Amino acid sequence: MNIHIIGAGSLGLLYAGKLAGSGCRVTVWCRSEEQASKLRTTGITIEKTEGKPQTVAPNAFSVRAWDAFAESGAAADADYLFLMLKQQGIEEMAREVLAPFGHHRRNLICFQNGTGHLERLRELLPMWKLYAAITTEGPSVQAVPRFCTPAMERRQSAK
């Protein structure tokens, strides 16, 4: 499966690491080339509640900055795009990065809290299939791009 993840925050990188570690082809889309470059160098480490951390090597996934979206084919090869931005960041990014491809066919899974974003995305992306997602994952960034679950944070702060 080929997954493109738009947003390289804690949830986006957690999913990128897990999906890449499971054998999926993953491309992460970051706001800046600086963040993309850092991920290309360090990879992703996911701290687990029990057991050893999962490290995903930089060559296990692709990373690009948003400004390369159009020149790279606008994720035409993706089975699914995961939209993993906070709700307040969706409108501007969708208008500038995704809307030029609104009449192409894509599958976009939205991982946002709140309401209103799906309606606005439907206006900007009329040919895209939009899905609302619910996740039970709750990552937090310790030191980019290293993650731990809330249970681990509680255990570490009790020490």
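**View 1. Glu 71 is exposed, at 66% relative accessible area, and its side chain meets that of Arg 64 in a salt bridge.** Exposed here means over 50% relative accessible area, buried means under 20%, and partly exposed is whatever falls in between (1.4 Å probe, protein chains only). The N to O distance for Glu 71 and Arg 64 is 3.7 Å. A salt bridge means a side-chain nitrogen of Lys or Arg within 4 Å of a carboxyl oxygen of Asp or Glu. Keep in mind that this is a predicted model, where local features need pLDDT of at least 70, side-chain atom pairs count only at pLDDT 80 or more, and totals for chains, interfaces and linings use all residues. Residues are numbered from 1 along each chain as its sequence is written, and side-chain values use heavy atoms, with hydrogens and water left out.

**View 2. Arg 25 and Asp 77 pair up through their side chains in a salt bridge, 3.1 Å from N to O.** This one links distant parts of the chain, with the two residues 52 apart. Arg 25 sits in strand E2 (residues 25–30), while Asp 77 belongs to the loop between strand E5 (62–65) and strand E6 (80–83). Strands (E, at least two residues) and helices (H or I, at least four) are DSSP runs, numbered from the N terminus. Arg 25 is exposed, at 52% relative accessible area, whereas Asp 77 comes out as partly exposed at 43%.

**View 3. In helix H3, the side chains of Glu 91 and Arg 95 form a salt bridge at 3.2 Å, N to O.** Helix H3 covers residues 90–98, and because Glu 91 and Arg 95 are 4 residues apart in it, about one helical turn separates them.

**View 4. Cys 30 is buried, with a relative accessible area of 0%.** Cys 110 is buried too, at 1%. What about disulfides, and how many does a search of the whole structure find? The search comes back with 0, where a disulfide would be a pair of cysteine sulfur atoms within 2.5 Å.
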